[in-house]
Structures are given as structure tokens and as C-alpha cells.
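Please consult the sequence and the coordinates shown below alongside the text.

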Amino acid sequence: MPETLRPRVLVVGGGLGGYVSAIRAAQLGLDTVLVEAGRLGGTCLVRGCIPSKALIHAADRFADMVGGETLGITLDQPPRLDLGKTIAWKDGIVDRLSSGVAGLLARAKVRVVAGWAIFSDAKSCTVETEAGPVAITADNVILAAGSEAAALPGLPFGGDVISSTEALSLAALPERLVVVGAGYIGLELGIAFRKFGTAVSVVEAADRILPRYDEALTRPVRRWLSRAGVELHLGAKVTGLDGDGRLAVETVAGPLALTADKILVAVGRRPLVEGWGIEEMALDRAGPFVKVDDQCKTAMRGVWAIGDLVGEPMLAHKALAQGAMVAEIIAGQRRHFDPAAVAAIVFTEPEIVVAGMLPDEAAAAGVDAAISVFPFAASGRAMTLEAGAGGGFVRIVSRRDDQRILGIQAVGRHVAELAGEFAHALAMGAVLEDLAHTIHVHPTLGEAVTEAALIGLGQPLHL
Ligand code: FAD
Ligand code: NAD
């Protein structure tokens, strides 16, 4: 007879969404079990956000050593990269964070069951653990199974065709890398490898990079790619590998065959909805995702779903916010998932921050919006940080009638840390005056927010 657990809350998936919901549920006095088949921390911590940002940082350090001539910095010898050590350093960060999550769960008194959960009905699953099967039946189930890399038809993963997971743990630096997909992952990692010295080509189906964002916002990244010698094939379609192992690509100018020692396919992620018995749970679907309402309730009473499993944006902080919220709802609190904005950062060169509505989204929604742009070329701090190279700026989208802020975006080096201010302004329902009259520290990049707000009010100072 398998051991049977009967907790108030069962969480499936120990990624950011799952482990946060388990900690919060336990903090609120609910007996909680968390099932995780892999390492605690899930995609973000083990093979996503954290390892990619570690590699991007290492690549920045390397590129800074190579490219300091303008600032009067030269090296007698070119720097050398020991990728094995870089990966070991990255793995050390992952290890520390993953055991930190285990510690947090233990302190909150969450019982962790290691293994793959398979559901037989909406509230019951069995987990094959090293010590034998464990059956779990819970009053509430929080599904946080996450997502996996989407493969391309004709180009399955395996061998030299890799996803971001393999790209983050390569044994040797590829000489030639072809990246399929100029989205978040393709550009973040493609740029990092280029900085390490790899020859990089990018193949993108749309007619521009980062197609979910507008041309102005992505132009500085495009410029960097061009200056760095990254070969860009836009409006291009991959058809598979040819007989010589080259990547066959159809472009408007005709067919191409690209040689590479690694092909990184980064054409999006899809929710993990196979292999754990979802068909036994009577849940509704929204396309490939699990359908939920604004409290993350599924069609089945007492079954909740969060994070990448339930749709865009597939971002770690959204998963976290939904996880904490669901735990609080189960504990009896009144909560809804209705954020003013889920800000996003693309950690490219330069970085892009997007919070709230883009100008074309405001126009599409029929809002009469004012667009105010302050270029980093006019910011002293940006100059000292080389933050405006390639045409960086802060941009505010506001309603013309009441000056309420609908969106704030920025592109430039080091702008990532402005995301908090942007999200805060939107969450507080700020108007242009609030930002214009907040005294920002001099000299900081944040001053560009004041300046953009002043432009919106018709009172430009430094422009
Ligand atoms: P996941 O983190 O995917 O966790 C799901 C967990 O569930 C997994 O650990 C899996 O093993 C487990 N699981 C699934 N089914 C079962 C089962 N039946 N039994 C037991 N366990 C199960 N987002 C950002 O916001 N910022 C970034 O900088 C960023 N960078 C990224 C970089 C890369 C390369 C990638 C791939 C993603 C990145 N993301 C980033 C996205 C982010 O990782 C995801 O949005 C986030 O991990 C989603 O969290 P989650 O809890 O929904 O799912
Ligand atoms: P993405 O949606 O960001 O980009 C995929 C790109 O691939 C798009 O530009 C798309 O037009 C292109 N594409 C699709 N099919 C193609 C084809 N057949 N040939 C060529 N190009 C094709 O997806 P991603 O980069 O795989 O990232 C997945 C998700 O992970 C993101 O949407 C995001 O939610 C998350 N993520 C976030 C961060 C971050 O927050 N900084 C970083 C990495 C990943």
C-alpha cells in the first residue's frame, strides 16, 4: 500500500510559482505538500532567468575588458575565457539558490515530495519517489507545471540542435552559433555568445527583431547587432537540416544554407500539459494553456493553475505573484489577479524595459495618448555610463485628457533597474506630475523619467 498524504494544499511544480505558493500557504497555516520532479527552483532558477543572467554578466565583463579603448583602457594581452570555470561559477549560484529554496520550504514546514506527479482525478495523484510510491489527495490543488522549449517541425532537439537549457551549460564555446528566433532567449543568449567571441547568425521569421515591441524601442539593439557583426536574417523560415548538416533557410532573397557547430532554437515556449494526467482533471483549456479566471481558478472547483501553465506573459514574477495570491485566496483572503502592469525586461545589449501600454497598443485601444521621449544623449549620467550608445531613451505614454500614465519604456545600457520605478508608477496610478515632481537623485538614469514627464507636461528642461 502506498503512503497516502491528505494535505489541505497540494502544489505540483517547485518553480517560482509553485514554491512561492507553497511557502505562502504554509505561512498562512495550511498543511501543504509540494511535488517537484527535478530541482527546486524550476525553469527560472535552474535553467532560465538566473543562469542566463549569470552568463550575460560574464559576457559583459569579458566584452568590457576587450572594448575599453575609448575610455583609455587597454590590456597588454587579450583576455582569455575558460568557459568551464564560467559555467561552474554559474552552477554554484544555482546550487546556492536551489538549496536556499529547500531551506525556505523546510522553515515554512512544507513537505516536499521528490518525483513526478500523475493525477488519476482532479484532486488525487501518485508520485513515484525513491522510497516508493506516495499517494496524495488534497482539498486544494495548485498546478504550477511550467513550460518547455517549443521545437520546430523538421528540426527536433538533439545533437547540435539545442534549446536554452543546453546553451547555458555548453562544454566548449561554439565557433559558429546559429540562433533561430530573435525573441527574448535568442537575443539575450546570442548577444552573450557574440561577446564571448562566437560568430553568431540569427534567423527570425518576422521582419524585425523582438517583434512584440516597436521599432523605436528595438532599434538600439539592432544597431548593436550590426556593429558587433551579428548576421541577421529577417523574414526567414527554417526548413530543416540539409544533407550536409547545414541549416536550410528560406528567405525572400532565396534559399540559404548556414553552417554552425550549434543551432539554438528559441522560437517560444509552450505549457507543460502532457504526461501528468491533465486529461483526468476535467479542466478547460485556452489554446495550449490551462484556462483560469482572474483568481487563477480552473473549471474544476478547488483546482488552481498559475505561471507559465496559464499563458502570457510567461515571466517569473508573474508566476510568483499568482502563486502568492492563490495561497491567500485558499486561506480565505479576497484577492484578484489584476495588476496595473507586469513589467518585462529584455536583457540584451542594450537592455529594454517595458511596463504598461506601448504607443501602438494605446492607439489600438482607441486612447488619445501623448508620447514623451527623453533621449539618453541628453543625460549626463547616461554619458558617464555609455548608456545611450545607439540611441537609448525613456518614453512615457500618457492619456492626453487626464495625464494618467499608461506605459513607460526604456532602452539603454543599465536601464533594467528602472523597471521597479516604472511598475510602481503604474501600480500607484501616477500622472505625469507625480513623476515630474519626484526629485530624482543626480546623477542617475532615473532623472530621465522626470525629464520625460516634464516633456509630457510641455515643460522640457534639458532638451
Ligand atoms: P517553472 O519554473 O517551469 O516550474 C515548473 C516546475 O514544475 C518544474 O521544475 C518541473 O520540473 C515541475 N513539474 C512539472 N510537472 C510536474 C509533475 N507532474 N510532477 C512534478 N513536478 C512537475 N522570466 C523572467 O521573468 N525573467 C527572466 O529573465 C527570464 N529569463 C528566462 C531565461 C530562459 C533561458 C528561460 C527558459 C526562461 C526565462 N524566463 C524569465 C521565464 C521564467 O523562467 C518562467 O516564466 C518561470 O520559470 C515560470 O515559472 P513556473 O513556476 O510557472 O514554472
Ligand atoms: P519569444 O516569444 O520571446 O521569441 C520567439 C521568437 O521566435 C519570435 O521573435 C518569433 O517571431 C520567432 N519565431 C517563431 N517561429 C519561428 C520560426 N519558425 N523561425 C524563425 N523564427 C521564429 O520566445 P523565446 O525567446 O523562446 O522565450 C520564451 C519565453 O521565455 C518568452 O516569451 C518570455 O516569456 C520568457 N523569457 C523571458 C526573459 C526575460 O524576461 N528577460 C528571458 C528569456 C525568456
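The points that follow are grouped by topic, after a short note on conventions.

The model is predicted: local features require pLDDT of at least 70 and side-chain atom pairs pLDDT 80 or more, whereas totals for chains, interfaces and linings use all residues. Residues are numbered from 1 along each chain as its sequence is written, chains are lettered from A and ligands numbered from 1 in the order in which they are written, and side-chain values use heavy atoms, with hydrogens and water left out.

**Domains and their interface**

- The protein chain is assigned domain 1 (3-148 + 270-330), domain 2 (161-267) and domain 3 (344-456); such bounds come from an automatic or database domain assignment.
- Between the C-alpha centres of domain 1 and domain 2 the distance is 27 Å. Their contact (heavy atoms within 4.5 Å) involves 18 residues from domain 1 and 15 residues from domain 2.
- About 1,400 Å² is buried between domain 1 and domain 2, with 69% of it on carbon and sulfur atoms; buried area is the accessible area (1.4 Å probe) that two parts lose on being put together, summed over both.
- Of the area that domain 1 buries against domain 2, R47, L55 and L83 supply 32%, more than any other three residues.
- Three salt bridges are counted between domain 1 and domain 2, a salt bridge being a side-chain nitrogen of Lys or Arg within 4 Å of a carboxyl oxygen of Asp or Glu.
- Four residue pairs are in polar contact across the interface of domain 1 and domain 2 (both at pLDDT 80 or more). A polar contact is a pair of N or O atoms within 3.5 Å; within protein, one must be able to donate a hydrogen and the other to accept it, and residues adjacent in sequence count only if both atoms are side-chain atoms.
- On the side of domain 1 that touches domain 2, α3 (49-66) and α4 (83-108) each supply at least two residues, and α3 gives the most, with ten residues. Helices (H or I, at least four residues) and strands (E, at least two) are DSSP runs numbered from the N terminus.

**Salt bridges**

- The whole structure contains 20 salt bridges.
- K53 and E188 form one with an N to O distance of 2.8 Å, linking helix α3 to helix α6 (residues 184-196) across 135 residues. K53 is partly exposed at 25% relative accessibility, whereas E188 is buried at 6% (buried is under 20%, exposed over 50%, partly exposed in between; 1.4 Å probe, protein chains only).
- D214 and R395 meet at 2.7 Å, N to O. Both D214 and R395 are buried.
- R413 and D64 are joined at 3.6 Å, N to O; D64 is partly exposed, with a relative accessible area of 45%.
- A network of salt bridges links D60, D64, K195, E349 and R413.

**The surroundings of T348**

- T348 lies in the loop between β22 (344-346) and β23 (351-356) and is buried, with a relative accessible area of 6%.
- A polar atom of the T348 side chain is 2.8 Å from the backbone oxygen of P350.
- Leaving aside residues up to four places away in sequence, T348 touches L187, E188, I191 and V221.

**Aromatic pairs**

- The structure holds three aromatic pairs. Rings of Phe, Tyr and Trp (its six-membered ring) pair if their centres lie within 6.5 Å; planes under 30 degrees apart count as stacked, over 60 as edge-to-face and the rest as tilted.
- The F119 and W276 rings have centres 6.3 Å apart and planes at 70°, so the pair is edge-to-face.
- F119 is buried at 3% relative accessibility, and W276 is buried at 2%.
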